[in-house]
Amino acid sequence: MSRTRHHHAPARARLIWLVWLAWPLFALVACSATPDPAPTDRPYALVLGTAQDAGLPQLGCRALCCEAARADASLRRLVSSVLIVDPRTDQRWLLDASPDLAEQVELAREHAAPTAPGRPALFAGIFLTHAHLGHYTGLAELGREAYGSEATPVWGTESLVSFIEGNGPWSLLVSAGHIETRILPPGNTIELAPELTISSIPVPHRDEFSDTVAYRVQGPGGALLYLPDIDQWERWPLPIESVLVDVEHALLDGTFFSADELPGRSIADIPHPLISESIRRFSDLPRRERAKIHFTHLNHSNPAATPHSPAQGAILRAGMDIATGGMLLPL
Ligand SMILES: [Zn+2]
Ligand SMILES: [Zn+2]
């Protein structure tokens with residue numbers, strides 16, 4: 001008898017120790033495995049990507065920023081893109097067609113994905129901000145070599161639409177009927193569904209191939225501003241603060257944290273508001289205004305892309321945060 005007790009006591013102690021030691025691990029797994037449930041009765045935005053046009057890791061970068069993301073997939077960031085989902089009508093719209101589109105369609109498969117056989121429309125429409133690498137080249141995935149979509153509406157400004165219609169390979173998507181271009185002039189609003197509208201707002205940004213817009217999506221319970229690229233807050237006739245007041249969520253250009261991220265290249269050649277400057281600019285806003293701001297479009301070099309980094313800490317202390325893939329924003 002005493003022998004049995006003697007045998008069981010250390011086993012119990014070992015079990016208690018094991019649970020004690022492993023508890024933080026269970027807690028961690030439980031946290032990461034339970035994202036916010038998607039609303040079923042109102043529209044929402046699903047963040048599909050939060051990196052600058054070339055993604056994280058970026059082609060050929062052998063620095064820690066990208067080698068760490070190659071070693072640990074949780075550090076990867078897909079290219080900036082947002083899905084607007086309306087569970088009331090089972091429709092969804094894409095803001096920007098990134099080069100990561102194929103992977104992003106899989107991320108979005110639980111969110112009003114089409115179920116009809118064949119090749120149903122993946123999106124009720126695609127809204128493009130401008131014609132730079134990260135924002136429209138995913139359209140290629142709709143062509144005959146890939147999904148072969150049928151007449152997917154693609155919205156943009158007049159200059160963006162004429163760029164797509166006038167230049168291969170994009171023009172082939174139009175002539176072969178995979179996409180149907182539609183012009184949404186800056187400043188205009190269209191209705192996507194009852195109590196769900198989208199407006200485009202002109203934004204100053206390098207305009208080699210097209211001008212640039214931001215999108216404002218208004219749902220029955222809130223609005224989202226999607227503004228992944230802008231040269232400078234000061235170059236925008238609209239004060240960003242006046243746009244912020246009118247929305248509940250703002251995904252804002254957070255390409256670079258500071259000017260010393262790109263040794264050998266001048267930030268003047270690729271102007272963006274630095275997050276460190278944005279923090280200063282927004283520091284006088286009331287806390288509820290700052291809480292609307294989620295920085296996105298992070299360059300691979302941006303230290304704020306790394307969880308628990310001092311740069312990320314500075315953003316959080318300033319009452320703002322960094323967008324992450326899978327983030328849900330109710331509208
Ligand atoms: Zn961009
Ligand atoms: Zn890198």
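Trainee: Why is the site of the zinc ion (ligand 2) called tetrahedral?
Mentor: The 4 donor atoms make angles of 103 to 122 degrees. Four donors count as tetrahedral if all angles lie between 85 and 135 degrees (square planar for four and octahedral for six need opposite donors over 155 degrees apart and all others between 65 and 115; anything else is irregular). The range lies inside the tetrahedral limits, so the label applies. This is a predicted model, in which local features need pLDDT of at least 70, side-chain atom pairs count only at pLDDT 80 or more, and totals for chains, interfaces and linings use all residues; side-chain values use heavy atoms, with hydrogens and water left out. Residues are numbered from 1 along each chain as its sequence is written, while chains are lettered from A and ligands numbered from 1 in the order in which they are written.

Trainee: What makes a residue a donor to the zinc ion (ligand 2), and which residues are donors?
Mentor: A donor is an N, O or S atom within 2.8 Å of the metal (3.2 Å for Na, K and Ca); water is not among the atoms, so a site may look incomplete. Cys61 (SG), Cys65 (SG), Cys66 (SG) and His300 (ND1) sit at 2.1 to 2.4 Å, so they qualify. Their spacing in sequence is C-x3-C-C-x233-H.

Trainee: Why is the site of the zinc ion (ligand 1) called irregular?
Mentor: Asp53 (OD), His135 (NE2), Asp229 (OD) and His297 (NE2) coordinate this ion at 2.0 to 2.2 Å. The angles among the 4 donor atoms run from 80 to 172 degrees, and the site is classed as irregular. Asp53, in the loop between β1 and α2, and His297, in the loop between β12 and α10, are 244 residues apart. Asp53 is buried at 8%, and His297 is buried at 1%.

Trainee: How do you know that Thr50 is in polar contact with Arg77?
Mentor: Their side chains make a pair at 2.8 Å. A polar contact is a pair of N or O atoms within 3.5 Å; within protein, one must be able to donate a hydrogen and the other to accept it, and residues adjacent in sequence count only if both atoms are side-chain atoms. The distance is therefore inside the limit. Thr50 lies in the loop between β1 (44-49) and α2 (64-71) and is buried at 2%.

Trainee: What makes β1 a partner of β14 and of β2?
Mentor: Strands (E, at least two residues) and helices (H or I, at least four) are DSSP runs, numbered from the N terminus. Two strands pair if DSSP finds at least two bridges between them. There are 3 bridges from β1 to β14 (residues 328-330) and 5 from β1 to β2 (residues 81-86), so both pairs meet the criterion. Both pairings run antiparallel. Tyr44 is bridged to Pro330 in β14 and to Val85 in β2.

Trainee: Why is β1 called largely enclosed?
Mentor: 6 of its 6 residues are buried, so the rest of the structure largely encloses β1.

Trainee: How do you know that Tyr136 is buried?
Mentor: Tyr136, in helix α4 (residues 133-136), has 8% relative accessibility and therefore counts as buried.

Key
Buried means under 20% relative accessible area, exposed over 50%, partly exposed in between (1.4 Å probe, protein chains only).
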